[in-house]
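This report describes a single protein chain, shown below.

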Amino acid sequence: MKKNHRIQLRLTAIEKTAIEMKAKKYETSITQVVISAILNKPIPIKWEPDEHAEKLKNELSIIGRNLWMLIKYKKKFQLSEQFKIQEIINELLQLVQKINQYYDRKS
């Protein structure tokens, strides 16, 4: 939907600075901060991966490839359902734990 309507606000310098700082913090526009506040919506943020997130993403990718290979081999060689699947599940659980611990510390 095209945004072509305007509303003007009168603010104190302190209010304006607070809104500008919030917009800068979330890397978004002042308009988006105000709209989000008024409509009780979360402020959409621009996601920029950090080095730790990239490492976790690579680990998850490797685990995903291993899981895919197991599924492929299971079909080809008629392997047992339990073949290494529990090991993969444990790796995934450990990775989720790492992710949660890392981002819980950042909060």
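The sections that follow describe the chain from its overall arrangement down to individual residues.

## Overall arrangement

The model is predicted. The protein chain has four helices and zero strands, and along the sequence these elements follow the pattern α-α-α-α. The helices include H1 (13-25) and H2 (30-38), as well as H3 (51-77) and H4 (85-106).

The protein chain has 107 residues, of which 12% count as buried. Among contacts with a separation of 6 or more, 38% are between residues 24 or more positions apart.

## The nonpolar core

In soluble globular proteins, nonpolar side chains tend to be buried together. In this model the largest nonpolar core consists of five residues: Leu-56, Ile-63, Leu-70, Ile-88 and Leu-95. The elements that contribute two or more residues to this core are helix H3 and helix H4. H3 supplies the largest share, with three residues.

When neighbours within four places in sequence are left aside, Leu-95 is in contact with Leu-56, Glu-59, Leu-60 and Ile-63.

## The largest pocket

The largest pocket has a volume of about 570 Å³. Its lining comprises 15 residues, and those nearest the centre of the pocket are Ile-7, Leu-9, Thr-31, Val-34 and Ile-35. The largest share, five residues, comes from H2. In terms of residue class, the lining of the largest pocket contains eight nonpolar, three polar and four charged residues.

Val-34, one of the residues nearest the pocket centre, is found in helix H2. Apart from neighbours within four places in sequence, Val-34 is in contact with Leu-9 and Ile-19. Leu-9 is also among the residues nearest the centre of the largest pocket. Val-34 and Ile-19 are 15 residues apart along the chain, and their C-alpha atoms are separated by 7.7 Å.

Helix H1 contains 13 residues and reaches 18 Å from its first C-alpha to its last, close to the 18 Å expected at 1.5 Å a residue. Just after H1, Glu-27 takes a positive phi of about 50°. Glu-27 is a residue other than glycine with a positive phi value, and it lies in the loop between H1 and H2.

Is Glu-27 buried, partly exposed or exposed? Glu-27 counts as partly exposed because its relative accessible area is 44%, a value in between the limits of 20% for buried and 50% for exposed. The C-alpha atoms of Glu-27 and Pro-44 are separated by 9.0 Å, and these two residues are 17 residues apart along the chain.

Ser-36 lies in helix H2. Ser-36 counts as buried because its relative accessibility is 3%, and buried means under 20%. When residues up to four places away in sequence are not counted, Ser-36 touches Lys-41, Pro-42, Ile-43 and Pro-44. Pro-44 is also the residue whose C-alpha atom is separated by 9.0 Å from that of Glu-27.

Asn-40 is found in the loop between H2 and H3. The phi of Asn-40 is near 50°, a positive value in a residue other than glycine. Asn-40 counts as exposed because its relative accessibility is 70%, and exposed means over 50%.

Conventions: Residues are numbered from 1 along each chain as its sequence is written. This is a predicted model: local features need pLDDT of at least 70, side-chain atom pairs count only at pLDDT 80 or more; totals for chains, interfaces and linings use all residues. Side-chain values use heavy atoms; hydrogens and water are left out. On a 1 Å grid over the protein atoms alone, a cavity is a set of points where a 1.4 Å probe fits but cannot get out, and a pocket is an open set with protein on both sides within 12 Å along at least five of seven lines; lining residues have an atom within 4 Å of a point. Grid points are joined across faces, edges and corners, and a volume is the space filled by probe spheres set on the points. Ala, Val, Leu, Ile, Met, Phe, Trp, Tyr, Cys and Pro count as nonpolar, Asp, Glu, Lys and Arg as charged, and the others, Gly among them, as polar. A nonpolar core is a set of buried Ala, Val, Leu, Ile, Met, Phe, Trp, Tyr and Cys residues joined through side-chain atoms within 4.5 Å. Buried means under 20% relative accessible area, exposed over 50%, partly exposed in between (1.4 Å probe, protein chains only). Contact means heavy atoms within 4.5 Å. The expected span of a helix is 1.5 Å times one less than its number of residues.
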